[in-house]
Structure formats: structure tokens, C-alpha cells
Amino acid sequence: MTAPILELRGVNKSFGPIDVLFDISLTVRAGEVLCLLGDNGAGKSTLIKILSGVYQPTSGQILMDGQPTSFPNPRAASDKGIATVHQFGGTFPLMSIGRSFFVGVEPARGWGPFKRYDRKTANAVAVKAVRDFGITRIDDGDRLVGGLSGGERQSLAIARAVHFGARVLILDEPTAALGVKQATHVLRIVNEAKRRGLAVVFITHQVMHAMAVGDHFAVLIRGAVAADFKKGEKTREEITDLMAGGASMSSLEAEIEGYMASHGGHPPPPAH
Amino acid sequence: MSDSQSNSQGGAGLGQLMRRPEAGSLVGLIAVYIFFAAMGGANFLGAPGISSFLNMSSEVGIIALAVGLLMIAGQLDLSVGSVVPASSLTVSLLAGDFGMPDAVAILGGLGVGLAIGLVNGILVSQTRIPSLIITIGTMFGVMGLTLGLTVLIHGSTGVFLVPGPAAKAIFGQLVGNMFQVSILWWGVFIVAVYWLLHVSPVGNWIFALGGDRESARNAGIPTDRVTIGLYMLSGFAAAFVGVSQVMTFNAAQVAAGQTFIFNSIMCVVIGGVLLTGGSGSVLGIVLGTLTFCIVNQGIFFSGLDPNYGSIIIGALLLIAVMTNDKFRAMALALAAGRKK
């Protein structure tokens with residue numbers, strides 16, 4: 001098997017006296033989707049920020065292609081091919097598709113102080129990159145990003161990351177704010193990125209979405225990896241249980257079953 | 001269909017026009033001009049009327065362009081109001097009281113503007129204090145310094161200066177006895193700022209900065225350098241207006257310049273620039289400046305009681321913001337609605 005593109009070994013993160021991540025070890029391989037599951041506050045966002053160079057681990061190692069590495073800032077991480085796409089995709093709603101696609105790396109013609117932003121090239125490249133991902137509805141690079149649907153914005157952001165040579169794609173709750181149809185859309189894009197050989201870290205708390213694209217799953221509970229398993233090793237119910245903290249969920253179920261048993265099979269009345 | 005649209009630079013279609021952020025400003029300008037043309041008659045339509053609003057536009061317009069760039073980048077600059085007198089007094093004190101050549105005095109005045117811009121830029125980019133507060137602070141600081149030093153050096157708060165013919169010709173002459181040469185300088189600023197914002201790649205950084213500072217930084221844009229540069233530009237623009245004022249009126253006053261603070265912001269906002277940043281255009285700022293100055297000066301030609309002029313300006317501002325929001329929403333809807 002090939003060496004994982006990105007690997008965390010025994011990573012800890014504390015903010016002062018507060019331990020947020022505890023002994024995290026994870027691997028992401030090319031062409032593989034790692035789903036990072038966890039409830040709110042489980043440490044998912046801190047983990048993303050370590051992967052994308054916003055935070056440094058307190059201890060532990062990050063390896064890329066088997067070599068120890070570090071990301072002192074977000075720029076360093078993105079230079080090494082790690083791209084993070086946040087929940088709302090493009091963050092420049094009032095910029096055109098072409099302009100936002102090339103923010104920071106604008107194509108230009110001319111030289112020195114007379115460099116001209118090359119709008120035509122920018123629009124053409126951006127539109128092509130997005131269409132290659134199957135978003136055929138986007139045909140005009142002058143359109144404003146804010147006019148796209150949530151799913152399209154995600155797709156645009158993912159296409160952008162891929163275009164600029166990302167090897168690891170970190171998707172932070174890409175489907176959380178989307179409707180069912182839009183979410184399917186994004187999941188299809190995730191599959192396409194995987195098919196192109198990217199390593200994808202997919203962060204979500206929607207088990208359905210995770211199971212649709214994931215090859216490999218890690219469940220975070222209170223800052224530690226509570227479970228690490230491959231596709232098909234656990235059922236949806238088991239995963240949901242794990243995320244909710246296992247014990248508390250089953251005790252809730254037992255409570256309800258107990259109530260039903262003593263009330264002739266009726267479930268408890270809804271709370272007011 | 002998309003081919004013909006995306007290939008032509010501006011685009012001629014109505015949809016394309018509506019999508020542009022300055023569409024609302026253009027409608028406003030035409031409406032206001034027609035209104036005052038009807039009220040003011042021949043005087044307003046002739047050279048006296050045109051020169052009065054163009055002269056005003058050129059001064060506030062130069063500052064509005066720089067303030068507009070800052071606003072697109074998500075920042076405000078109120079210190080321009082005290083940079084104008086600081087610069088004109090520097091020029092007149094250096095050339096008058098210290099007997100330096102005009103060129104040195106003018107460079108000194110412009111240097112004051114750049115220095116204040118540098119301070120603003122550093123403070124805004126290195127602290128988390130809102131730029132509104134920082135530039136109010138530097139405005140008062142500069143105002144106090146200007147007042148104190150002027151009184152200390154010259155003994156009064158107003159300084160007269162008779163500039164040399166060259167300096168007068170370049171910065172302060174009246175063309176046809178009515179039109180200030182600063183109108184031409186405004187044109188130069190318009191071209192330069194248009195290039196910066198809409199043609200050069202740096203323009204994209206300015207939009208990105210106003211859209212989302214954090215994402216812009218993560219995308220590799222030198223956000224601090226851009227911010228400092230924009231503040232220096234606005235300091236320079238205000239200082240330039242200070243220089244052109246002292247050359248035009250042969251005098252510098254400590255109290256002059258406070259009107260530029262709100263006037264420049266109003267020109268920019270009427271011109272369709274989003275107050276919170278991320279959207280706007282140079283054409284819009286120019287149209288907004290003209291609209292504002294036509295109302296401001298048109299009142300004197302219209303026979304209306306000038307005391308009520310401010311009411312019209314206030315109403316204009318509110319209407320402009322509301323219509324601009326409408327046009328922006330239309331632009332977004334247009335982008336969303338063209339699904340096929």
C-alpha cells in the first residue's frame with residue numbers, strides 16, 4: 001500500500017490548561033475519503049485548524065508522504081498542497097466567479113506597474129474548472145459568487161482547490177447548511193475529487209453523508225479518537241451511537257423501552 | 001449567448017448594465033441634474049453652474065476616490081478632514097514663514113499626508129481597533145498639532161501665501177476665470193484609481209480585503225501592506241487637495257477641511273460603494289461625487305432656501321443607499337436567476 005499523504009501521530013493540543021485534543025493518530029491516503037465524525041465540541045474544528053496550519057500541535061507529529069513536517073501558518077499548509085474549504089465555500093459573495101477563483105494569484109498581462117488583471121483568462125479558466133466537476137449551470141465567469149447556490153459555491157471552492165494543485169482537501173461541514181439535493185451535489189463533487197486521486201478529509205456530523213462517500217471513518221469524542229474503522233465495518237446506528245457518546249444514547253433508548261414496557265407499548269408523550 | 005456577453009468588456013445588454021453597481025448612481029445623477037436644471041434655469045445650465053459643481057467635485061472627488069478604495073477594502077478614514085488643513089498650512093508655513101521654495105513646501109505638504117496615512121495604516125493593520133475610532137483619533141491629533149504649531153510659528157490660525165507663478169499655474173489657476181485647474185487633477189486621479197481598482201491585479205486584492213479579510217490573508221494577499229498603502233493614498237489625496245486649496249485661495253485656515261469628512265463618505269456611498277466593503281466602482285464614486293455636488297451647489301441656483309439644502313442631501317443619501325441595495329440585490333438575483 002502507498003504511504004499516506006498525511007499522517008498525524010500522537011497529536012495533542014492544549015490551550016493553556018485546557019486539553020482540547022488528546023493523542024490523535026490518523027492517516028489520509030491518496031484517493032481516499034477520511035470522514036471525521038463528532039458531535040459539536042468534540043474537537044473537529046481544532047483538528048482542522050491543526051491540519052490547515054492555523055494552530056500548531058502542542059505535541060505529536062505531522063507527517064507528509066512519510067516525512068515529518070510542520071505548518072507554521074495557513075500559507076505554509078496550502079503551499080504544501082493542503083486546501084481547506086469552509087462551510088460556505090466562497091467567502092467573497094460580491095466578487096465575480098473569475099475574480100474570486102483567482103484571489104491572490106490573479107492572472108495578469110503586461111509588466112511591472114502596468115500589469116493588467118486578465119479577466120478573460122480568469123473567467124475562462126474558472127468556468128472550465130467548475131464545469132469539469134460537473135457543474136454545467138455555471139457558464140459565465142462574471143456572475144457574482146453570492147448568486148450561486150450553496151452547493152455550487154462549495155463546488156466552486158473545491159474546484160478552485162483542485163485547480164491550484166491541492167493534494168489534500170479538507171472539507172469543513174460542507175453539507176451542513178445545504179438542502180438534500182444540494183448536499184447530494186457536493187457529495188458527488190467529493191467523489192470526483194477522490195477519483196482524481198486527492199486525499200479528502202470530510203468533516204461532518206451527518207452520518208448519512210459520511211457513509212455515502214467515506215472509505216475510512218474516525219469518530220472524535222471529547223478530543224480523542226473514540227473509534228477508527230473502515231467502510232462497512234459499522235452500521236449507521238452504531239456510528240450515531242458512537243457520536244452521541246454511546247452510553248448516553250443507549251441509556252436513553254433503554255429508558256424509552258422501559259417506559260413502553262410499563263405503559264402497554266405506548267411511547268412517552270411528547271414533552272411540552 | 002454567454003459568448004457574446006462575456007467577450008465584450010462592458011457589455012451593452014440591459015441585464016449587464018443593471019448588474020453594474022453604479023447603475024443606481026447614474027439614475028440618481030440624471031434625476032438630480034434634471035431637477036436642478038428645471039429649478040435653476042440658464043445660470044445652472046451655463047458655465048457658472050457647471051463650474052460651481054465641478055470645482056466642488058474636483059476637491060471632494062479626489063478625496064472620495066481614495067476614501068472609496070478604503071471603504072471597498074472595508075475601512076473608513078475620517079482623518080482626511082484634518083489632513084487637508086495640515087497640508088495647506090505646512091505648505092504656507094514652509095513657503096511663507098520659512099521662505100523655502102514652493103516645490104519643497106508642496107512636497108512637505110504632500111509628505112505630511114503620506115505620513116499621517118502611514119500612521120493610520122499601521123494602527124489599523126496592527127491593532128484590532130475599528131478604523132472609525134483610529135482615524136477619529138488621528139483626526140483630532142492632527143487637528144491639535146496643526147492648530148498648536150500654526151499659532152506657535154505664525155501667531156495666528158490663518159496664513160496668507162502668495163505662491164510663485166509655476167506653483168500657482170500647476171495647482172491653483174482658474175481656467176476661464178471660473179474652472180479650477182484641480183478639475184484636471186481630479187481627472188488624473190480618476191484614471192489612476194480606475195487603473196488600480198479595475199485593471200491592475202491589486203484591485204482584486206482590495207475587493208477581497210473588503211469581502212473577507214481573513215480569507216484574503218489565507219489566500220496569500222499581503223493584507224497589511226495593502227491596508228497601509230490605501231491609507232497612505234487617502235492621506236496623499238487629502239494633502240493634495242490641501243495643496244491645491246492654498247494655491248487657489250492664497251491662504252490656509254486651520255479650521256478648513258472638516259466638511260470633507262462627511263462629504264467624501266457621502267459621495268462614496270451615493271456612488272454605490274458598500275459601507276461594509278467588498279463592492280463598489282470608480283465610475284460609481286465619480287457619479288456619486290457629481291450627484292452630491294450638483295445638489296449641494298444646485299440649491300444656490302434654484303432659489304430654494306439654502307438652509308433647507310441639508311434636508312435634500314440627507315434624503316438623497318438615504319434614497320441612494322436604499323436604491324443601491326436594491327440594485328445589488330438585483331445583480332445577485334440576475335446571477336442566480338439565469339439557470340437553464
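Phe217(A) and Phe229(A) are both buried, where buried means under 20% relative accessible area, exposed over 50% and partly exposed in between, with a 1.4 Å probe and protein chains only. Before going further, bear in mind that this is a predicted model, in which local features need pLDDT of at least 70 and side-chain atom pairs count only at pLDDT 80 or more, while totals for chains, interfaces and linings use all residues. Residues are numbered from 1 along each chain as its sequence is written, chains are lettered from A and ligands numbered from 1 in the order in which they are written, and side-chain values use heavy atoms, with hydrogens and water left out.

How do rings get paired up here? Rings of Phe, Tyr and Trp (its six-membered ring) pair if their centres lie within 6.5 Å; planes under 30 degrees apart count as stacked, over 60 as edge-to-face and the rest as tilted. That rule gives 18 aromatic pairs over all chains. Phe217(A) and Phe229(A) are stacked, because their ring centres are 5.4 Å apart and their planes meet at 15°. The two sit twelve residues apart, Phe217(A) in strand S11 (residues 216–221) and Phe229(A) in strand S12 (residues 224–230) of chain A. Helices (H or I, at least four residues) and strands (E, at least two) are DSSP runs, numbered from the N terminus.

Now look at what surrounds that pair. S11(A) is largely enclosed by the rest of the structure, because five of its six residues are buried. Strands pair if DSSP finds at least two bridges between them, and S11(A) does so with S12(A) in the antiparallel sense, over six bridges. Ile221(A) has Ala224(A) in S12(A) as its bridge partner. Two residues lie between the strands of this hairpin, and Arg222(A) takes a positive phi near 45° there. S11(A) also pairs with strand S3 (residues 33–38) of chain A, this time in the parallel sense over five bridges, with Val219(A) as the bridge partner of Leu37(A).

Elsewhere in chain A there's an open, antiparallel sheet of four strands, in the order S2-S1-S4-S5. Its edge strands, S2 (18–28) and S5 (67–69), each pair on one side only. From one strand to the next, the twist averages 30°. S1 (residues 6–15) and S2(A) share seven bridges, and Lys13(A) stands opposite Leu21(A) in S2(A).

Over in chain B, Tyr33(B) and Phe53(B) make an aromatic pair that is edge-to-face, at 6.3 Å centre to centre and 80° between the planes. Tyr33(B) belongs to helix H3 (residues 23–45) and Phe53(B) to helix H4 (residues 47–72) of chain B, 20 residues apart. Tyr33(B) counts as partly exposed at 26% relative accessibility, whereas Phe53(B) is buried at 7%. Both belong to one aromatic cluster that also includes Phe35(B), Phe36(B), Phe44(B) and Phe301(B).

Finally, the cores. A nonpolar core is a set of buried Ala, Val, Leu, Ile, Met, Phe, Trp, Tyr and Cys residues joined through side-chain atoms within 4.5 Å. The largest has 93 residues, and Ile63(B), Val91(B) and Phe292(B) are among those with the most contacts inside it. H4(B) supplies the largest share, 14 residues. A second, separate core of 48 residues includes Val85(A), Ile97(A), Phe101(A) and Ala210(A).

How values were computed
Axes fitted to C-alpha atoms, helices over the stretch in contact; angles between N-to-C directions.
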